[in-house]
Amino acid sequence: MKLDAVIIGGGPAGLSAALVLGRARKKAAVIDEGRPRNGVTREAHGFLTRDGISPSEFRRIAIEQIGAYPSVSFVADTAVAITGTDGDFQVETAKGQSFQCKKLLFAVGMKDRPLDIKGLKEVYGTSAFVCPYCDGWELRDKQLVIISKGPDAMHFAQLISGWTNRFTICTNGAAELSEPEREELRRHQVPVLESPIRSIDSEGGMVRQVVLEDGTIVPCGGIFFRPKLVAGSNLPQAAGCQVTEAGTVVIDELGKTNIPGVYSAGDAASMRHQAIAAAAMGTLSAAAMNNELNTEAWRERG
Ligand SMILES: Cc1cc2nc3c(=O)[nH]c(=O)nc-3n(C[C@H](O)[C@H](O)[C@H](O)COP(=O)(O)OP(=O)(O)OC[C@H]3O[C@@H](n4cnc5c(N)ncnc54)[C@H](O)[C@@H]3O)c2cc1C
């Protein structure tokens with residue numbers, strides 16, 4: 001059976017797209033290997049009506065609600081190869097399944113590169129975070145450490161100052177800051193420590209202190225850092241989609257890639273990494289896909 005659409009990735013972007021396509025009576029499959037980026041967190045924040053929900057509960061509710069639309073199916077597998085063109089794509093999976101479809105949506109997210117600071121993995125998602133909009137409230141007024149080297153550190157400092165004015169920047173090696181930037185941080189009484197980080201000490205996922213190679217100990221109750229990211233899957237690129245230097249798929253305002261019939265949504269196609277933004281992109285892409293499908297079917301009928 002040829003499906004109207006295959007959605008690769010079942011995070012907020014892919015699931016929102018599935019909801020729209022299900023309600024539009026389209027036959028769609030969501031192929032998801034189940035490794036969302038926020039899998040390390042206990043609570044996701046800032047998604048209206050779902051503030052503080054666990055990522056697994058979010059997914060459970062989404063799948064339950066999409067279950068009301070019988071033309072959508074879920075496949076727990078990894079998509080590994082794509083062939084074909086608009087109107088007739090084939091998707092192969094790691095478990096040897098094969099799906100034929102008219103349109104494709106890459107909602108494959110982004111992945112963290114391995115964390116290269118000793119002790120960071122133990123606190124990631126519990127007391128070390130990447131986005132103040134997601135977790136700043138929980139760390140408000142605490143003594144924090146920002147791990148960042150260059151101009152990013154300035155951006156982080158200004159942003160974090162909305163949640164706490166007690167923070168230290170650890171550059172984990174020589175800072176890449178200009179003299180005016182250093183002067184600005186001095187004016188705001190933000191310490192900048194350049195010694196490499198030896199380890200992050202924690203208990204039960206809660207950071208206690210950051211220990212530097214020069215022996216300095218920085219007590220703190222939370223960390224923000226900028227992780228190194230890679231594309232959640234190399235399939236979009238393998239399928240011929242244009243990608244940016246940062247690894248995100250290039251799309252237009254409707255989520256269309258440069259390949260006819262192929263769309264992308266969510267973190268995979270954006271630097272705005274928030275669940276509600278990813279979900280919104282999934283919704284818009286699905287509406288555009290549905291519009292294309294309806295127009296094509298209408299024309300075929302005469
Ligand atoms: C530590 C942390 C905390 C966060 N906290 C928040 C928060 O509080 N609030 C908030 O709004 N945002 C938060 N975010 C950001 C949020 O998680 C992302 O913006 C959101 O998950 C993006 O959704 P997505 O659907 O694009 O991708 P994802 O949620 O990453 O989902 C992509 C899915 O695609 C699957 N996949 C990839 N390749 C394949 C393939 N080839 N075949 C099958 N499946 C595949 C993956 O396994 C995954 O399940 C946080 C992120 C991190 C890292």
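Biologist: How much space lies in the second largest pocket?
Modeller: About 280 Å³, counted as the space filled by probe spheres on grid points joined across faces, edges and corners. A pocket here is an open set of points on a 1 Å grid over the protein atoms alone, where a 1.4 Å probe fits, with protein on both sides within 12 Å along at least five of seven lines. Please remember that this is a predicted model, where local features need pLDDT of at least 70 and side-chain atom pairs 80 or more, while totals for chains, interfaces and linings use all residues. Residues are numbered from 1 along each chain, and side-chain values use heavy atoms, without hydrogens and water.
Biologist: How does the lining divide by class?
Modeller: It has 10 nonpolar, 3 polar and 1 charged residues. Ala, Val, Leu, Ile, Met, Phe, Trp, Tyr, Cys and Pro count as nonpolar, Asp, Glu, Lys and Arg as charged, and the others as polar.
Biologist: New topic: at what angle do H1 and H2 pack?
Modeller: About 15°, with axes 10 Å apart. Axes are lines fitted to C-alpha atoms over the stretch in contact, and angles run from 0 to 180 degrees between N-to-C directions. That makes the two helices roughly parallel, the word for angles under 35 degrees.
Biologist: Which residues make the contact?
Modeller: H1 brings Pro-12, Leu-15, Ala-18 and Leu-19, and H2 brings Phe-58, Arg-59, Ala-62, Ile-63 and Ile-66. Contact means heavy atoms within 4.5 Å. By class, there are 8 nonpolar, no polar and 1 charged residues.
Biologist: What about H1 and H8?
Modeller: H1 and helix H8 (residues 275–300) pack at about 35°, with axes 7 Å apart. Their contact includes Ser-16 and Val-20 of H1 and Gly-282 and Thr-283 of H8. It divides into 10 nonpolar, 4 polar and no charged residues.
Biologist: Last one: how do H5 and H6 sit?
Modeller: The axes of helix H5 (residues 151–160) and helix H6 (residues 179–187) come within 11 Å and cross at roughly 25°, so H5 and H6 are roughly parallel to each other. Pro-151, Met-154, Ala-157 and Gln-158 of H5 touch Glu-181, Glu-184 and Leu-185 of H6. That contact has 4 nonpolar, 1 polar and 2 charged residues.

How values were computed:
1 Å grid on protein atoms, 1.4 Å probe; cavity = no way out; pocket = protein on both sides within 12 Å on 5 of 7 lines; lining within 4 Å. Helix = DSSP H or I, 4+ residues; strand = E, 2+ residues; numbered from the N terminus. Parallel < 35°, antiparallel > 145°, perpendicular 65-115°, else oblique.
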